[in-house]
Amino acid sequence: MKSKIISNVKRLFQAMPALKHKQQLESVNADLQFRLEEVKAANETAIKLLKGVKSKNAELEKAVERLRIITNVCMTVASTVDTDELLKSIISMTAELADVKKGTIYLKQYGKPSLTFNYTYGAGAQAFGDISSDISSVYSEFMASGDSKIIDGRGIDVKKHYGINNSAVWVPLKLKGLVIGFMLLEDKIDGTFFLKDELDLLTTLSNQVVVAIENAWLYEKVKTNYFSTIHSLVNALEANDRYTKGHSERVRYLSLELGKFIGLDNRELEVLEHAAVLHDIGKIGIATTVLHKEGTLTVDEYGVIKTHPLIGDQILGPINTLEGVRTTILQHHERYDGKGYPHGVSGEEISIMARILSVIDSFDAMITERPYRKVLSQSKAKEELKLGAGSQFDPDIVNAFLNMLEAKEEALLFTAGYSL
Ligand SMILES: [Fe+2]
């Protein structure tokens with residue numbers, strides 16, 4: 001009996017280390033489980049943070065893109081003084097910024113009953129129009145309120161209510177507290193709806209837009225006044241000289257007709273028209289004793305006359321948007337073969353407007369009386385143009401002019417003011 005008890009005690013002592021080891025293992029296991037839970041939680045936090053970083057990155061990229069477009073708008077604001085170009089650029093860049101399918105800019109024309117003219121961007125392409133239209137009654141309400149507004153397409157028939165397709169944002173353009181127009185941006189490309197922060201951004205942008213529009217309007221006013229003054233000078237200059245009276249007006253009319261016949265665009269026609277009226281403005285700087293001298297000029301006197309394109313260029317210098325007009329005036333005595341003046345440029349180095357002006361200026365000079373030679377008949381003048389084609393004149397322009405005359409000669413020359 002005693003020996004059995006001793007044996008059991010011995011076995012118990014022998015088992016004790018194993019028991020202790022098991023307890024240690026269980027403790028380590030529990031600790032590991034705890035650590036595992038901690039790692040899992042840390043992982044979940046890391047995943048959440050990563051998502052946050054990605055989302056912030058996307059927001060940052062979007063903000064950078066918006067900043068880029070705003071910078072572009074501001075650069076346009078600073079560099080464009082042509083109202084049409086300015087409005088087209090502004091609405092296309094703003095529509096890009098707002099990520100919309102369609103954007104329209106409306107400007108009220110004071111002095112005309114409730115009319116606006118507008119430039120539209122969108123419908124899958126840059127479809128700019130300048131069609132005047134009445135302001136609808138809804139827009140009149142906006143104009144009267146003068147507050148920016150998000151029109152949410154959810155829950156209402158916006159087409160019926162506002163005459164637009166879906167959601168939109170309306171941003172007024174205010175000049176010195178007066179609403180002079182507005183921008184309407186419609187249908188987000190991604191199908192989402194406008195948010196308050198987008199409206200705030202567009203409202204801030206509209207302030208820059210108004211500064212630019214005001215600058216463009218002021219510049220146009222200055223330009224118009226400047227031209228009006230110079231036109232008066234041209235008229236005064238010609239009125240003093242019986243030989244050149246009405247010359248600029250006839251050259252303006254025929255040059256424009258030829259420009260249209262050739263297919264110049266509106267911008268080129270505008271340049272051509274101004275240049276045609278002003279082409280001899282530099283003669284203001286030539287002594288009248290030389291300018292009005294009867295008979296043959298000396299070499300020196302002819303040298304003085306030849307400075308008038310350069311003087312004209314200098315007179316128009318202050319109007320820096322009229323580079324085309326200045327170049328055309330500068331080049332109107334250049335020859336196709338390079339033997340003209342003042343710089344001896346040739347061929348297509350001479351602007352197409354100057355090549356047109358050269359043909360019309362010479363034609364008018366030939367069929368009207370001049371102190372240094374007798375008047376030529378119109379058929380003789382046409383022969384002279386043909387003889388000069390390829391040397392003095394661009395042969396294509398001469399051909400176009402002769403074709404145009406053939407098609408409607410009497411009507412053209414009569415309207416231009418020639419006696420037939
Ligand atoms: Fe001239």
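1. Start with the pair α10 and α11: helix α10 (residues 308-315) and helix α11 (residues 323-330) pack at an angle of about 165 degrees, their axes 8 Å apart. Axes here are lines fitted to C-alpha atoms, for helices over the stretch in contact, with angles from 0 to 180 degrees between N-to-C directions. The two are therefore roughly antiparallel to each other (over 145 degrees, by the convention used). On the α10 side the contact uses Pro309, Leu310, Gly312 and Asp313, and on the α11 side Arg326, Ile329 and Leu330. Contact means C-beta atoms, placed from the backbone, within 7 Å. By class that gives four nonpolar, one polar and two charged residues; Ala, Val, Leu, Ile, Met, Phe, Trp, Tyr, Cys and Pro count as nonpolar, Asp, Glu, Lys and Arg as charged, and the others, Gly among them, as polar.

2. Before going on, a caveat: this is a predicted model, where local features need pLDDT of at least 70 and side-chain atom pairs count only at pLDDT 80 or more, while totals for chains, interfaces and linings use all residues. Residues are numbered from 1 along each chain as its sequence is written.

3. Arg66, Ile69, Asn72, Val73 and Thr76 of α1 meet Leu86, Ser89, Ile90, Met93, Thr94, Glu96 and Leu97 of α2. That contact splits into six nonpolar, four polar and two charged residues.

4. Now the strands. β6 (residues 178-188) pairs antiparallel with β1 (residues 100-108) over seven bridges, and eight bridges join β6, again antiparallel, to β5 (residues 168-175). Two strands pair if DSSP finds at least two bridges between them. Met183 of β6 is worth a look: Met183 is the bridge partner of Ile105 and also stands opposite Val171.

5. The β5-β6 hairpin has two residues between its strands, and Lys176 there takes a positive phi near 50 degrees.

6. Overall, the protein has 14 helices and six strands, taken as DSSP runs numbered from the N terminus (helices H or I, at least four residues; strands E, at least two). Buried residues are 29% of the 420, buried meaning 20 or more other C-beta atoms within 10 Å of a residue's own. Among contacts between residues at least 6 apart in sequence, 56% join residues at least 24 apart.

Methods
Two residues are in contact if their C-beta atoms, placed from the backbone, lie within 7 Å. Angles under 35 degrees count as roughly parallel, over 145 as roughly antiparallel, 65 to 115 as roughly perpendicular and the rest as oblique. A residue is buried if 20 or more other C-beta atoms lie within 10 Å of its own, exposed if 12 or fewer, and partly exposed in between; C-beta atoms are placed from the backbone.
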